[in-house]
Amino acid sequence: MSHQVELSEYKQQIADLYSRRSSTYDNGDWHPRIAHRLVEYAHIRPGQQVLDIATGTGMVALEAAQIVGAEGRVIGVDISTGMLEQARRKVAALGLSNVEFQLADAEALDFPLNSFDYIFCSSALIWMSDLVGALRLWYGLLKPKGLLGFHAFADTAFIEGVVAQRVLEKYGVSLLFSKPTGTVEKCQKMLQLAGFSEIEIKSELDGSYISLEKAKGMWIGNASSPVPGQYPNPLLQLTPEQLAQAKVEFDASLSALQTEQGIWNDLTIFYVFGRKPR
Ligand SMILES: C[S@@+](CC[C@H](N)C(=O)[O-])C[C@H]1O[C@@H](n2cnc3c(N)ncnc32)[C@H](O)[C@@H]1O
């Protein structure tokens, strides 16, 4: 795959966003924990071929590479050069020779059909422009009996998104965030539409209390940042005055949710698996 990718403006914004975040992305334990669980649930075996889509700093890819061993191979793809730089740095530190990282758009992959035993997409599916279209493309890249595994988040997850959605609806702005994959039924339906069978979805309650100040700081009101699955950012419909007023309402809604422990930030997650039939 080439070292240059043609990206739409939407995807270039995503790539730039994650490149800016790349040096601190691995801080904290939540991303590593859920990436590890996705790999763990998939039961990869030595000798297998694995594709990690939207690999980021390579959390899934690097764990998979250690399991598939010298006889196996792992490829991680991402559109963010900054994230891939971090991933390559980690490969070098671990001394692994069975994993490589490529700059590529997950929705325009040109690997040969029937190439991979496992395909993962950890914490990234909602960034795709066409969810079912992406799943169909990845289905083609799996070998018969191959397994796709991805994360999806409940439509109750991420307090800043849920509250912003509610506030911004009053301004005629509809933000999708996790809605397209926000229930087990929706995930199941998407996989069926893409041709997958033996669908298994593990739903796990997760979340933590965060401070009111932290929650307020998570306001998504920057219209020049990308939002998942929607381009251009629907916030561009609003005037600066409307956005400022929406922020006041956002803060007030959060204050109303405050408890003695802080604000509950739900992070309910679905580990979603589907198999390509024989
Ligand atoms: C939340 S991070 C997840 C990274 C990693 N999979 C993990 O679990 O830590 C989302 C990643 O998706 C990547 N991404 C978004 N859209 C993409 C696309 N169309 N093709 C490839 N990568 C994409 C971003 O660059 C970013 O690295």
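## Where the ligand is

Where does the ligand sit? The ligand is found in the largest cavity. As you look around, keep in mind that this is a predicted model.

The ligand is surrounded by 20 residues, and the closest are Tyr 25, Ala 54, Asp 78, Ala 106 and Ser 122. Helix H1 (9-21) contributes the most to this shell, with 3 residues. By class, the shell around the ligand holds 12 nonpolar, 5 polar and 3 charged residues.

## Contacts with the ligand

Let us turn to some individual atoms. Asp 78 places a polar side-chain atom 2.6 Å from an oxygen atom of the ligand. On its own, the ligand has 600 Å² of accessible area, and the protein covers 98% of that.

## The largest pocket

Next come the pockets. The largest pocket has a volume of about 1,200 Å³. Its lining is made up of 36 residues, and those nearest its centre are Tyr 18, Arg 21, His 31, Phe 158 and Glu 160. Two or more lining residues come from each of these elements: helix H1 (9-21), helix H2 (30-42), strand E5 (142-153), helix H6 (159-169) and strand E7 (207-210).

Which element gives the most to this lining? That is H1, with 4 residues. Sorted by class, the lining of the largest pocket has 19 nonpolar, 12 polar and 5 charged residues.

## The second largest pocket

The second largest pocket has a volume of about 290 Å³. Of the 17 residues that line this pocket, Tyr 41, Ala 42, Tyr 118, Leu 147 and Arg 275 are the closest to its centre. At least two lining residues come from each of H2, strand E4 (116-121), E5, strand E6 (197-204) and strand E9 (269-275).

E5 supplies the largest share of this lining, 5 residues.

Note on methods:
Residues numbered from 1 in each chain as written. Predicted model: local features only at pLDDT ≥ 70, side-chain atom pairs only at ≥ 80, totals over all residues. Heavy atoms only, no water. 1 Å grid on protein atoms, 1.4 Å probe; cavity = no way out; pocket = protein on both sides within 12 Å on 5 of 7 lines; lining within 4 Å. Points joined across faces, edges and corners; volume = space filled by probe spheres on them. Nonpolar A, V, L, I, M, F, W, Y, C, P; charged D, E, K, R; others polar. Near = heavy atom within 4 Å. Polar contact = N/O pair within 3.5 Å; in protein donor to acceptor, adjacent residues only side chain to side chain. Areas by Shrake-Rupley, 256 points an atom, 1.4 Å probe, with all protein chains shown as cover. Sits in = over half its atoms within 2 Å of the grid points.
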